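Please find below some notes on this model, written for a colleague who has it open.

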Amino acid sequence: MHITVINPNTTRAMTEMIGSCARGVAAPGTRIAAVNPPMGPASIESHYDEALSVPGLLHEIAAAEREGSDGYVIACFGDPGLDAARELAGGPVVGIAEAAMHAATLVGRSFSIVTSLSRTVGRAQDLVRHYGFADRCVGVYACDIPVLALDDPSSEAAQVIIDLCRETIERDKCDSIVLGCAGMAELCSYISAQVGVPVIDGVSAATKLVESLVTLGYTTSRRDEFARPLPKAYAGELAAFELAAS
């Protein structure tokens, strides 16, 4: 099985960390390719960043399709471009926010989300409602640490996140914590050991979900909405994204 894990930003060090976390949970025989696009933002911390990350993400989906990838993980908690990626990919595509929220509902009644910057809280809340977990998610909180400063377990940032998780558990009485950023993936087991409840990393959860979907032979439905996009002309800098008729 070949799974492509896509970091939609362009920071290679973060991509390598995400790939390591995915490989750490992948089954023997599953090949994980961790990639990031050649164009787009260095990190995704705003609606603007997210919108401009999508062309690069779709570029990586198209490239991996040519290489025969069986499934995909979108490793950004905003799940950017998820619906478009599902239209384009032959195999299942899972975003880390949706995967983490599903996993949280399987280990307890309620969960809270600890994310990066406060400006991303609204996006996380939108996804909670969109995915149907509004009655299970009891809070969304920001540590206000930039994405690219999150991944070192020995850093002051890690302690800030641990303290926020403890405060969140005490305040919300939640059964688990969902980490609201792929940049936190490497911290997951460390934080969980410190706070005493399941701490869920979407990269790991999404990797296992994609593995399971591929094993079961499940792909995105092509009945209507997620059928391949209709071929049409694309102009200017997006001309390279024009799709041929299937």
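This is a predicted model: local features need pLDDT of at least 70, side-chain atom pairs count only at pLDDT 80 or more; totals for chains, interfaces and linings use all residues.

1. The largest pocket has a volume of about 440 Å³. Its lining comprises 19 residues, and those closest to the centre are L58, L88, F241, E242 and L243.

2. Helices α2 (47–66) and α3 (82–88) each supply at least two residues of that lining. The biggest share comes from α2, which gives six residues. By class, the lining of the largest pocket consists of 14 nonpolar, four charged and one polar residues.

3. The second largest pocket holds about 310 Å³ of space. It is lined by 23 residues, with I44, E45, C76, G78 and T120 nearest its centre. Two or more lining residues come from each of α2 and α5 (121–130). Ten of the lining residues are nonpolar, nine polar and four charged.

4. How do α4 and α8 cross, and at what angle? The axes of α4 (residues 96–105) and α8 (residues 202–216) come within 8 Å and cross at roughly 85°. Angles from 65 to 115 degrees count as roughly perpendicular, so α4 is roughly perpendicular to α8.

5. On the α4 side, the contact is made by I96, A99, A100 and A103. On the α8 side, G202, V203, A205, A206 and L209 take part. This contact has eight nonpolar residues, one polar and no charged.

Note on methods
Residues are numbered from 1 along each chain as its sequence is written. Side-chain values use heavy atoms; hydrogens and water are left out. On a 1 Å grid over the protein atoms alone, a cavity is a set of points where a 1.4 Å probe fits but cannot get out, and a pocket is an open set with protein on both sides within 12 Å along at least five of seven lines; lining residues have an atom within 4 Å of a point. Grid points are joined across faces, edges and corners, and a volume is the space filled by probe spheres set on the points. Helices (H or I, at least four residues) and strands (E, at least two) are DSSP runs, numbered from the N terminus. Ala, Val, Leu, Ile, Met, Phe, Trp, Tyr, Cys and Pro count as nonpolar, Asp, Glu, Lys and Arg as charged, and the others, Gly among them, as polar. Axes are lines fitted to C-alpha atoms, for helices over the stretch in contact, and angles run from 0 to 180 degrees between N-to-C directions. Angles under 35 degrees count as roughly parallel, over 145 as roughly antiparallel, 65 to 115 as roughly perpendicular and the rest as oblique. Contact means heavy atoms within 4.5 Å.
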